[in-house]
Amino acid sequence: MKKILLFCLLVLFSCDFKNDTLPNVIVILVDDLGYGDLGFTGSNEISTPNIDSLAENGVIFTDGYVSYAVCSPSRAGLITGRYQDTFGYGLNALYTPKDPDMGLPLSEFTIADLFKTKNYKTLAVGKWHLGAHESLRPLNRGFDEFFGFLTGGHQYFPEQWNLADETEVKCNFCAYRTKLLRNEERIDENEYLTDALSRETVSFIDKSSKSPFFIYLAYNAPHGPLQATDKYLKRFPNIKDKRRKTYAAMVSSIDDGVGQIVAILKKHEIYDNTIIYFLSDNGGASSNASNNAPLKSHKGTLYEGGIRIPFVMQWPNEIKSGTIFKKPIISLDIFATSKAIINPDLKLKNEIHGQNLLPYIKGNDGGYPHEHLYWRNNGHQPYIENGVRARYITHAVRYKNYKMFIRRGDSMLFDLSSDIGEKNNIIDKNRPLFNELVKKSVEWNKTLMDPIFLGLRDDELYNKLNPDRYIY
Ligand code: CA
């Protein structure tokens, strides 16, 4: 009897020990990826064995969303775990290194701040796009280290990075040509951008394998400009369209990076206790040769093609491989899930809007993580009406398998379980549900702020209001 008791205690101890070892967490966020452009989402054109292996060894969220349909606000949501309009982050930020109000407000606590409460080593790699002012950069937002660039995009070939720093930037998109940053220092770099970002991630894991770490790896691929090296281009001899071929090569370069990350985790025997998320910041763009099938529309809209994205999570120690989760979830859940795992008792000053996904993934809770998911698109292209500058604002709510969508005078209700392509507006069959969801949307909108800064499409106006923008 005593022996059995001792055995039980040992088992308990070992279980506790496992749970007391905080997992490493890696968020791999890609940019403008088409929904149908990965092996596990049905592509027969682009092979992505390494990304597919994350999906096979963990959970696929079939109904995974981001909180906005373009880059910068979507990232603001992910990194705070909060609907970004709650704090006025409603537009795609401009590149304005002299402006402390263009980016993620300092009132916000980031997911990297969360990991620092448990002494994680933290790294941001790649595209930042949450503010270029020195006070808004990664090292001031919870990250120990940064390697990448501050803008909404970047040229991919090192020979194009011919601006020494921000003082040489004279237009918004010119910033795509600045030298990369390592922490606060501009550096010379020789590798194709995606390869350099993968290399830095692997090297950080290599030196940090003994302590828990958090990595926010934000590849800018396959965001435009479409640029790839021969190494990846030659993998697609059957794609004749040059743009599509280049896009495919860019996705393939990400897949190689994912493979290298998995390999270094295995080498250090920390693979089983590392959580890896993989998702895109918004849907495929109309401009980057992506394939969003079977979803309707693309980046920038609240149709599924703008906000529903490939989304997987892997944690071999805790999540059964081959799990498929079909209820709606959102990128904001990454923050809430991380908090529940590493520091559940922490009191946050700001309300978070995500849910801890683990009980749902493991089947301990059979309900819906979210009764409703909400979106407001603040309209990126401004227009003039009666002499006043205005934007087309659209609204959407997801409730179970239904989606309410109001866009430019059109009222729509879709049953996504039978109509993922949003072809059949069933509002006339279920007007009470539509009205109820509109009511929910109106209530939710009361919790939001109008955008607190001008966006990418307001470049000219911003320059007029800030004539010294490019003067140092
Ligand atoms: Ca994007």
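Modeller: Start with two side chains: aspartate 31 and aspartate 281 are both buried. Buried means under 20% relative accessible area, exposed over 50% and partly exposed in between, with a 1.4 Å probe and protein chains only. The model is predicted, so local features need pLDDT of at least 70 and side-chain atom pairs pLDDT 80 or more, while totals for chains, interfaces and linings use all residues. Residues are numbered from 1 along each chain as its sequence is written, and side-chain values use heavy atoms, with hydrogens and water left out.

Both aspartates belong to the calcium site. The protein donors of the calcium ion are Asp31 (OD), Asp32 (OD), Cys71 (SG), Asp281 (OD), Asp281 (OD) and Asn282 (OD1). They lie 2.2 to 2.6 Å from the ion. Donors are N, O and S atoms within 2.8 Å of the metal, or 3.2 Å for Na, K and Ca; water is not among the atoms, so sites may look incomplete. Along the sequence, the spacing of the donor residues reads D-D-x38-C-x209-D-N.

Where do aspartate 31 and aspartate 281 lie? Aspartate 31 is in the loop between strand E1 (24-30) and helix H2 (49-56). Aspartate 281 is in the loop between strand E9 (274-280) and helix H8 (304-307). So the pair ties together parts that are 250 residues apart in sequence. Helices (H or I, at least four residues) and strands (E, at least two) are DSSP runs, numbered from the N terminus.

Now move on to the aromatic rings. The whole structure holds 19 aromatic pairs. Rings of Phe, Tyr and Trp (its six-membered ring) pair if their centres lie within 6.5 Å; planes under 30 degrees apart are stacked, over 60 edge-to-face, the rest tilted. Tyrosine 89 and phenylalanine 453 are edge-to-face, 5.0 Å centre to centre, with 90° between the planes. This pair, too, links distant parts of the chain, 364 residues apart. Tyrosine 89 sits in the loop between helix H3 (71-80) and helix H4 (111-116). Phenylalanine 453 sits in the loop between helix H11 (431-445) and helix H12 (459-465). Both residues are buried.

Tyrosine 374 and tryptophan 444 are stacked instead, 5.1 Å centre to centre, with 10° between the planes. Tyrosine 374 lies in strand E13 (residues 372-377) and tryptophan 444 in helix H11, so parts 70 residues apart in sequence are tied together. These two are buried as well. Elsewhere, Phe115, Tyr120, Trp128, Phe143, Phe214 and Tyr216 form one aromatic cluster.

Next, the backbone. Two cis peptide bonds stand out for a look. One joins alanine 221 and proline 222, with omega about -5°. The other runs from glycine 224 to proline 225, with omega near 5°. Proline 222 is in the loop between strand E8 (213-218) and helix H6 (230-233). Proline 225 is in the loop between E8 and H6.

Two residues have a positive phi although neither is a glycine. Asparagine 386 has a phi of about 50°. Its loop runs between strand E14 (383-385) and strand E15 (388-390). Asparagine 386 is exposed, because its relative accessible area is 76%. Arginine 408 has a phi of about 45°. Arginine 408 sits in the loop between strand E17 (402-407) and strand E18 (410-415). With a relative accessible area of 53%, arginine 408 is exposed.
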